[in-house]
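Try each task before you read its solution.

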Amino acid sequence: MTFPSIRFIAAILILSATLLVAPRQAQAQTPSELDVTMTAGTSQLTVGDPVTLTVLASYPSGYTPVFPKVPAKWGELEVKDQSAVQYGAGPAGTQTAQQEIVVTLFSFGAWDTPEFTVTFVDFAGETEAVSSAPVTLEVLSLLPEGADQLRDIRPQASVHFPFLQPWMIVGLVGLGMAFVGILAYVILPAWRWAGVRFQKEKELPTPFQLAHDEFREIETSDLPGRGLVADHYALVSGVVRRYLEREYEVSALDHTTREIGVALELTSVPSEDIDRITQLLAMADHAKFARFSIEIESARDFTRKARDIVEVITPVATWTGREGGQVR
(Lines give C-alpha, C1' and ligand atoms only; values in the text may rest on other atoms or scores of the structure.)
Protein backbone atom coordinates (compact mmCIF):
# COMPACT_ATOMS: atom_id res chain seq x y z
CA MET A 1 0.00 0.00 0.00
CA THR A 2 1.39 3.37 -1.06
CA PHE A 3 0.89 6.36 1.29
CA PRO A 4 0.77 9.98 0.03
CA SER A 5 3.94 11.94 0.33
CA ILE A 6 4.46 14.51 3.09
CA ARG A 7 4.56 17.33 0.54
CA PHE A 8 1.19 16.28 -0.88
CA ILE A 9 -0.41 16.21 2.57
CA ALA A 10 1.04 19.63 3.46
CA ALA A 11 -0.33 21.12 0.23
CA ILE A 12 -3.81 19.75 1.03
CA LEU A 13 -3.74 21.24 4.57
CA ILE A 14 -2.58 24.67 3.35
CA LEU A 15 -5.31 24.77 0.67
CA SER A 16 -8.01 23.81 3.18
CA ALA A 17 -6.92 26.47 5.67
CA THR A 18 -6.89 29.07 2.94
CA LEU A 19 -10.46 28.21 1.87
CA LEU A 20 -11.69 28.39 5.48
CA VAL A 21 -10.02 31.68 6.35
CA ALA A 22 -10.57 33.60 3.11
CA PRO A 23 -14.35 34.16 3.48
CA ARG A 24 -13.90 35.40 7.03
CA GLN A 25 -11.16 37.75 5.98
CA ALA A 26 -13.31 39.09 3.16
CA GLN A 27 -16.19 39.53 5.55
CA ALA A 28 -13.96 41.24 8.10
CA GLN A 29 -12.61 43.57 5.46
CA THR A 30 -16.14 44.64 4.42
CA PRO A 31 -16.78 47.91 6.31
CA SER A 32 -20.16 48.74 7.84
CA GLU A 33 -21.89 51.04 5.37
CA LEU A 34 -24.73 52.17 7.68
CA ASP A 35 -24.09 55.76 8.74
CA VAL A 36 -26.19 58.64 10.11
CA THR A 37 -24.91 62.21 10.46
CA MET A 38 -26.58 65.44 11.62
CA THR A 39 -25.44 68.95 10.68
CA ALA A 40 -26.81 72.40 11.59
CA GLY A 41 -27.23 75.39 9.29
CA THR A 42 -25.58 77.47 12.00
CA SER A 43 -24.18 76.67 15.42
CA GLN A 44 -24.86 80.10 16.93
CA LEU A 45 -28.26 81.79 17.16
CA THR A 46 -30.27 84.19 19.28
CA VAL A 47 -33.41 83.43 21.27
CA GLY A 48 -36.27 82.34 18.99
CA ASP A 49 -34.22 82.16 15.78
CA PRO A 50 -35.00 79.11 13.61
CA VAL A 51 -32.14 76.80 12.65
CA THR A 52 -32.29 73.87 10.23
CA LEU A 53 -30.86 70.49 11.24
CA THR A 54 -30.06 68.19 8.29
CA VAL A 55 -30.01 64.43 8.96
CA LEU A 56 -28.25 62.32 6.28
CA ALA A 57 -28.42 58.52 6.31
CA SER A 58 -26.08 56.47 4.06
CA TYR A 59 -26.70 52.75 3.47
CA PRO A 60 -26.16 50.01 0.87
CA SER A 61 -28.86 48.73 -1.46
CA GLY A 62 -31.23 46.27 0.17
CA TYR A 63 -31.82 48.36 3.32
CA THR A 64 -34.80 50.59 4.11
CA PRO A 65 -34.21 53.50 6.54
CA VAL A 66 -36.98 54.47 9.00
CA PHE A 67 -36.74 58.03 10.38
CA PRO A 68 -38.41 58.79 13.75
CA LYS A 69 -41.03 61.51 14.25
CA VAL A 70 -39.63 64.04 16.73
CA PRO A 71 -42.03 65.65 19.25
CA ALA A 72 -42.90 69.36 19.31
CA LYS A 73 -40.87 69.71 22.53
CA TRP A 74 -37.63 67.87 21.72
CA GLY A 75 -35.48 68.16 24.80
CA GLU A 76 -34.73 71.89 25.12
CA LEU A 77 -35.59 72.43 21.44
CA GLU A 78 -38.89 73.69 20.05
CA VAL A 79 -39.59 71.86 16.76
CA LYS A 80 -41.13 74.12 14.10
CA ASP A 81 -41.16 71.69 11.16
CA GLN A 82 -39.96 68.23 10.09
CA SER A 83 -39.76 67.68 6.34
CA ALA A 84 -40.46 64.52 4.39
CA VAL A 85 -37.54 62.16 3.74
CA GLN A 86 -35.73 62.74 0.42
CA TYR A 87 -34.03 59.71 -1.16
CA GLY A 88 -31.07 59.71 -3.53
CA ALA A 89 -27.98 57.87 -4.74
CA GLY A 90 -24.66 58.02 -2.89
CA PRO A 91 -21.09 57.18 -3.88
CA ALA A 92 -19.89 53.65 -4.67
CA GLY A 93 -23.40 52.28 -5.19
CA THR A 94 -24.75 53.38 -1.78
CA GLN A 95 -28.12 55.01 -1.19
CA THR A 96 -28.90 58.17 0.81
CA ALA A 97 -31.94 59.47 2.70
CA GLN A 98 -32.12 63.05 3.97
CA GLN A 99 -34.52 64.94 6.24
CA GLU A 100 -34.57 68.52 7.55
CA ILE A 101 -35.80 69.54 11.01
CA VAL A 102 -36.40 73.22 11.80
CA VAL A 103 -35.91 73.97 15.51
CA THR A 104 -35.43 76.96 17.82
CA LEU A 105 -34.32 77.61 21.41
CA PHE A 106 -35.58 80.01 24.08
CA SER A 107 -32.84 79.58 26.72
CA PHE A 108 -29.34 81.04 26.73
CA GLY A 109 -26.30 78.75 26.70
CA ALA A 110 -24.99 75.78 24.72
CA TRP A 111 -27.37 72.87 24.12
CA ASP A 112 -26.81 69.46 22.50
CA THR A 113 -29.45 67.99 20.24
CA PRO A 114 -31.19 64.89 21.66
CA GLU A 115 -30.42 61.44 20.31
CA PHE A 116 -31.72 60.87 16.76
CA THR A 117 -31.80 57.17 15.79
CA VAL A 118 -32.55 55.81 12.31
CA THR A 119 -33.63 52.17 12.07
CA PHE A 120 -32.43 50.22 8.99
CA VAL A 121 -34.43 47.17 7.84
CA ASP A 122 -32.90 44.63 5.40
CA PHE A 123 -34.56 42.14 3.03
CA ALA A 124 -34.70 39.49 5.74
CA GLY A 125 -36.53 41.80 8.14
CA GLU A 126 -33.50 42.22 10.40
CA THR A 127 -33.15 45.69 11.93
CA GLU A 128 -30.15 47.74 12.96
CA ALA A 129 -30.38 51.10 14.78
CA VAL A 130 -27.78 53.81 14.11
CA SER A 131 -27.70 57.14 15.99
CA SER A 132 -26.16 60.39 14.82
CA ALA A 133 -23.67 62.31 16.90
CA PRO A 134 -25.26 65.27 18.72
CA VAL A 135 -24.95 68.81 17.39
CA THR A 136 -24.21 71.68 19.79
CA LEU A 137 -26.26 74.86 19.38
CA GLU A 138 -25.24 78.01 21.25
CA VAL A 139 -27.87 80.66 22.06
CA LEU A 140 -26.23 84.08 22.32
CA SER A 141 -27.44 87.17 24.18
CA LEU A 142 -28.04 90.43 22.35
CA LEU A 143 -26.93 92.44 25.41
CA PRO A 144 -23.46 94.04 25.24
CA GLU A 145 -20.74 92.29 27.19
CA GLY A 146 -20.90 93.15 30.88
CA ALA A 147 -24.43 94.58 30.71
CA ASP A 148 -25.74 91.79 32.93
CA GLN A 149 -23.15 92.41 35.68
CA LEU A 150 -24.08 94.15 38.93
CA ARG A 151 -22.56 97.57 39.44
CA ASP A 152 -21.10 98.88 42.67
CA ILE A 153 -23.40 101.38 44.38
CA ARG A 154 -21.69 103.91 46.59
CA PRO A 155 -23.26 104.80 49.95
CA GLN A 156 -25.10 108.10 50.19
CA ALA A 157 -23.06 111.01 51.40
CA SER A 158 -23.95 112.35 54.83
CA VAL A 159 -25.34 115.88 54.82
CA HIS A 160 -25.13 117.91 58.05
CA PHE A 161 -27.67 120.71 58.44
CA PRO A 162 -26.64 123.80 60.38
CA PHE A 163 -28.40 124.67 63.60
CA LEU A 164 -31.82 126.16 62.72
CA GLN A 165 -32.34 129.74 63.81
CA PRO A 166 -35.83 131.27 64.44
CA TRP A 167 -35.57 133.51 61.39
CA MET A 168 -34.77 130.47 59.31
CA ILE A 169 -37.91 128.73 60.58
CA VAL A 170 -40.05 131.76 59.67
CA GLY A 171 -38.51 131.85 56.22
CA LEU A 172 -39.15 128.17 55.61
CA VAL A 173 -42.78 128.55 56.72
CA GLY A 174 -43.23 131.42 54.31
CA LEU A 175 -41.72 129.50 51.46
CA GLY A 176 -43.97 126.55 52.28
CA MET A 177 -47.10 128.70 52.17
CA ALA A 178 -46.04 130.23 48.87
CA PHE A 179 -45.37 126.76 47.47
CA VAL A 180 -48.81 125.57 48.56
CA GLY A 181 -50.44 128.59 46.91
CA ILE A 182 -48.62 128.01 43.64
CA LEU A 183 -49.39 124.28 43.81
CA ALA A 184 -53.10 124.97 44.33
CA TYR A 185 -53.06 127.36 41.39
CA VAL A 186 -51.53 124.64 39.19
CA ILE A 187 -53.47 121.65 40.54
CA LEU A 188 -56.95 122.98 39.76
CA PRO A 189 -56.36 123.40 36.00
CA ALA A 190 -54.47 120.10 35.91
CA TRP A 191 -57.38 118.36 37.62
CA ARG A 192 -59.81 119.71 35.04
CA TRP A 193 -57.45 118.65 32.23
CA ALA A 194 -57.17 115.15 33.70
CA GLY A 195 -60.96 114.88 33.83
CA VAL A 196 -61.24 115.81 30.15
CA ARG A 197 -58.45 113.37 29.24
CA PHE A 198 -60.15 110.57 31.17
CA GLN A 199 -63.41 111.24 29.35
CA LYS A 200 -61.60 111.00 26.01
CA GLU A 201 -59.89 107.76 27.02
CA LYS A 202 -63.30 106.26 27.77
CA GLU A 203 -64.19 106.87 24.13
CA LEU A 204 -61.12 105.04 22.77
CA PRO A 205 -61.86 101.97 20.61
CA THR A 206 -62.02 98.62 22.38
CA PRO A 207 -59.59 95.76 21.58
CA PHE A 208 -62.41 94.11 19.64
CA GLN A 209 -62.98 97.21 17.49
CA LEU A 210 -59.25 97.56 16.80
CA ALA A 211 -59.01 93.90 15.76
CA HIS A 212 -62.10 94.21 13.55
CA ASP A 213 -60.67 97.26 11.76
CA GLU A 214 -57.37 95.43 11.18
CA PHE A 215 -59.19 92.38 9.78
CA ARG A 216 -61.11 94.65 7.40
CA GLU A 217 -57.88 96.24 6.14
CA ILE A 218 -56.34 92.79 5.57
CA GLU A 219 -59.35 91.66 3.54
CA THR A 220 -59.23 94.87 1.49
CA SER A 221 -55.53 94.41 0.66
CA ASP A 222 -56.19 90.78 -0.51
CA LEU A 223 -52.60 89.55 -0.16
CA PRO A 224 -53.52 85.95 -1.18
CA GLY A 225 -54.80 87.23 -4.51
CA ARG A 226 -51.44 88.90 -5.03
CA GLY A 227 -49.49 85.72 -4.25
CA LEU A 228 -48.39 86.79 -0.76
CA VAL A 229 -49.98 83.91 1.13
CA ALA A 230 -47.32 83.58 3.85
CA ASP A 231 -47.47 87.34 4.55
CA HIS A 232 -51.26 87.10 4.78
CA TYR A 233 -51.09 84.37 7.45
CA ALA A 234 -48.50 86.39 9.39
CA LEU A 235 -50.68 89.53 9.38
CA VAL A 236 -53.83 87.69 10.50
CA SER A 237 -52.02 85.87 13.34
CA GLY A 238 -50.49 89.21 14.37
CA VAL A 239 -53.97 90.72 14.76
CA VAL A 240 -55.01 87.81 17.00
CA ARG A 241 -51.85 88.09 19.10
CA ARG A 242 -52.30 91.87 19.59
CA TYR A 243 -55.94 91.36 20.53
CA LEU A 244 -54.95 88.83 23.23
CA GLU A 245 -52.46 91.31 24.66
CA ARG A 246 -54.97 94.19 24.73
CA GLU A 247 -57.99 92.25 26.02
CA TYR A 248 -56.46 89.56 28.27
CA GLU A 249 -53.00 91.06 28.98
CA VAL A 250 -51.29 87.95 27.61
CA SER A 251 -47.79 88.55 26.22
CA ALA A 252 -48.63 86.94 22.89
CA LEU A 253 -46.20 88.78 20.58
CA ASP A 254 -43.09 87.54 22.40
CA HIS A 255 -44.07 83.90 23.05
CA THR A 256 -44.65 80.70 21.10
CA THR A 257 -48.06 79.23 20.34
CA ARG A 258 -47.61 76.63 23.09
CA GLU A 259 -46.70 79.32 25.67
CA ILE A 260 -49.71 81.45 24.67
CA GLY A 261 -52.02 78.45 25.25
CA VAL A 262 -50.57 77.96 28.73
CA ALA A 263 -51.00 81.67 29.57
CA LEU A 264 -54.62 81.68 28.37
CA GLU A 265 -55.44 78.86 30.79
CA LEU A 266 -55.04 81.42 33.58
CA THR A 267 -57.70 83.70 32.02
CA SER A 268 -61.47 83.42 31.67
CA VAL A 269 -61.23 82.03 28.11
CA PRO A 270 -62.91 78.55 27.95
CA SER A 271 -60.63 75.60 27.23
CA GLU A 272 -62.35 74.77 23.92
CA ASP A 273 -61.74 78.33 22.71
CA ILE A 274 -58.09 78.10 23.82
CA ASP A 275 -57.74 75.01 21.61
CA ARG A 276 -59.22 76.94 18.67
CA ILE A 277 -56.80 79.83 19.24
CA THR A 278 -53.72 77.58 19.44
CA GLN A 279 -54.82 75.65 16.35
CA LEU A 280 -55.28 78.92 14.46
CA LEU A 281 -51.83 80.22 15.47
CA ALA A 282 -50.28 76.85 14.66
CA MET A 283 -51.75 77.07 11.14
CA ALA A 284 -50.09 80.47 10.73
CA ASP A 285 -46.77 79.08 12.00
CA HIS A 286 -47.03 76.16 9.58
CA ALA A 287 -47.74 78.50 6.66
CA LYS A 288 -44.32 80.15 7.19
CA PHE A 289 -42.48 76.87 6.53
CA ALA A 290 -44.97 75.11 4.21
CA ARG A 291 -43.30 73.63 1.13
CA PHE A 292 -46.55 73.27 -0.73
CA SER A 293 -48.86 75.93 -2.11
CA ILE A 294 -51.90 77.00 -0.09
CA GLU A 295 -55.11 77.66 -1.96
CA ILE A 296 -56.11 81.31 -2.20
CA GLU A 297 -59.63 80.70 -0.90
CA SER A 298 -58.27 78.78 2.09
CA ALA A 299 -56.02 81.73 2.92
CA ARG A 300 -58.92 84.16 2.65
CA ASP A 301 -61.08 81.89 4.80
CA PHE A 302 -58.33 82.01 7.45
CA THR A 303 -59.26 85.66 8.11
CA ARG A 304 -62.90 84.72 8.72
CA LYS A 305 -61.89 82.00 11.18
CA ALA A 306 -59.71 84.44 13.10
CA ARG A 307 -62.50 87.03 13.28
CA ASP A 308 -64.97 84.40 14.51
CA ILE A 309 -62.62 83.38 17.33
CA VAL A 310 -62.10 87.00 18.39
CA GLU A 311 -65.86 87.58 18.45
CA VAL A 312 -66.50 84.46 20.51
CA ILE A 313 -63.93 85.24 23.23
CA THR A 314 -64.68 88.98 23.46
CA PRO A 315 -66.32 89.85 26.83
CA VAL A 316 -69.90 91.10 26.42
CA ALA A 317 -69.09 94.37 28.21
CA THR A 318 -66.68 95.41 25.44
CA TRP A 319 -68.97 94.60 22.49
CA THR A 320 -70.07 97.96 21.04
CA GLY A 321 -71.61 99.11 17.79
CA ARG A 322 -72.88 95.66 16.71
CA GLU A 323 -76.23 94.48 15.47
CA GLY A 324 -77.19 90.83 15.04
CA GLY A 325 -73.73 89.72 16.14
CA GLN A 326 -71.94 91.71 13.45
CA VAL A 327 -69.94 94.93 13.67
CA ARG A 328 -71.38 97.74 11.59
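**Exercise 1: the second largest pocket**

State the volume of the second largest pocket, then find the residues closest to its centre.

*Solution.* Start with the volume, about 310 Å³. A pocket is an open set of 1 Å grid points over the protein atoms alone, where a 1.4 Å probe fits, with protein on both sides within 12 Å along at least five of seven lines; lining residues have an atom within 4 Å of a point. Next, of 15 lining residues, Lys80, Arg241, His255, Asp285 and Lys288 are closest to the centre. Finally, helix 4 (229–248) and helix 6 give two or more residues each to this lining, and helix 6 gives the most, 3 residues.

A note on the model: it is predicted, with local features needing pLDDT of at least 70 and side-chain atom pairs 80 or more, while totals for chains, interfaces and linings use all residues. Residues are numbered from 1 along each chain, and side-chain values use heavy atoms, without hydrogens or water.

**Exercise 2: the largest pocket**

Which elements each supply at least two residues of the lining of the largest pocket?

*Solution.* First, this pocket holds about 430 Å³ of space. Its 17 lining residues include Ala72, Val79, Lys80, Arg258 and Ala282, the closest to its centre. The elements are strand 6 (77–82), helix 5 (257–264) and helix 6 (271–289); helices (H or I, at least four residues) and strands (E, at least two) are DSSP runs numbered from the N terminus.

**Exercise 3: what follows helix 3**

Which residue follows helix 3?

*Solution.* Go to the end of helix 3 (residues 207–221). Asp222 comes next, and its phi is positive, near 50°.

Notes:
Expected span 1.5 Å × (residues − 1). Points joined across faces, edges and corners; volume = space filled by probe spheres on them.
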